[in-house]
Amino acid sequence: MPLGSSAPPRIGGHTALAADVWPRRSDGFSSWLRAAVLIACGSGLLVLSAKVNLPLPLVPMTLQTLVVVLIGAAYGARLGAATVLAYVAEGAAGLPVFAGPVGGLAPLFGPTAGYLAGFVVAAVLVGWCAERGFDRSVAKLFAAMLAGHLAILTLGFAWLAFGLDLGLTKAWWVGVVPFLAGSLVKSALGAALLPAVRRIVDRQR
């Protein structure tokens, strides 16, 4: 189904939050306009979250992973992935959207490359779960968001260890360990926030 098609993904009676708040219309142009606005808003949040960062050796700690899993949960798998890909494309085009005042292709081949790829995987994974009702349960959404964070860390670790030849030990200590506690906290925060918003939306429908 194309991104701008009129029917939102509905599996077992569930839709992502964005599809409930702003349903797709049968008018093709309206559907594409809706997608464009949501992607612009989501990628804008990713830019802002990139600028809130704590510099660390090789890979900074940012709020981006929280925003990625929230986008996946709120938008669903396809729109969430499209949003993250749009953000990466903005950076590749030279816009200073990544952590620090940098843009262009260099970050796509540097230490953060694996994490950027993980963003896309995490958005798809969490979005897939949300489309199956995980966003209505704090425990289930926490598990989905934690899995999304682990996907990001796994791809980031793999790129550092093998793509940049840092080796398993150094990649583990600089690319995974500093982010484990934050991944738990951000997963818990996202899992508490989104179902609360979902309940408010459900009461008003």
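This is a predicted model: local features need pLDDT of at least 70, side-chain atom pairs count only at pLDDT 80 or more; totals for chains, interfaces and linings use all residues.

User: How many helices and strands does the protein chain have, and in what pattern?

Analyst: The protein chain has eight helices and two strands, where helices (H or I, at least four residues) and strands (E, at least two) are DSSP runs numbered from the N terminus. Along the sequence the order is α-α-β-β-α-α-α-α-α-α.

User: How compact is the protein chain for its length?

Analyst: Its radius of gyration is 17 Å, close to the 17 Å from the globule rule for 205 residues, so the protein chain is as compact as a globular protein of that length. The radius is taken over C-alpha atoms, and the rule is 2.2 Å times the number of residues to the power 0.38. Along the principal axes, the C-alpha atoms fill a box of roughly 50 × 35 × 25 Å.

User: What share of the residues is buried?

Analyst: Of the 205 residues, 45% count as buried, meaning under 20% relative accessible area with a 1.4 Å probe, protein chains only.

User: And what about charge?

Analyst: The protein chain carries 15 positive and 7 negative side chains, and the centres of the two sets lie 5 Å apart. Lys and Arg count as positive and Asp and Glu as negative, with His and the chain ends not counted. Each charge is placed at NZ of Lys, CZ of Arg, CG of Asp or CD of Glu.

User: How many salt bridges are there?

Analyst: There are two, a salt bridge being a side-chain nitrogen of Lys or Arg within 4 Å of a carboxyl oxygen of Asp or Glu. In one, arginine 198 pairs with aspartate 20, with the closest N and O atoms 2.3 Å apart. This pair joins helix α8 (residues 177-204) to helix α1 (residues 17-21), across 178 residues.

User: Where does aspartate 135 sit?

Analyst: Aspartate 135 lies in the loop between α5 (113-130) and α6 (138-163), 63 residues from arginine 198. These two side chains form a salt bridge at 2.7 Å, N to O.

User: Are those residues buried or exposed?

Analyst: Arginine 198 and aspartate 20 are both buried, and aspartate 135 is buried as well. Asp20, Asp135 and Arg198 are linked in a network of salt bridges.

Notes
Residues are numbered from 1 along each chain as its sequence is written. Side-chain values use heavy atoms; hydrogens and water are left out. Buried means under 20% relative accessible area, exposed over 50%, partly exposed in between (1.4 Å probe, protein chains only).
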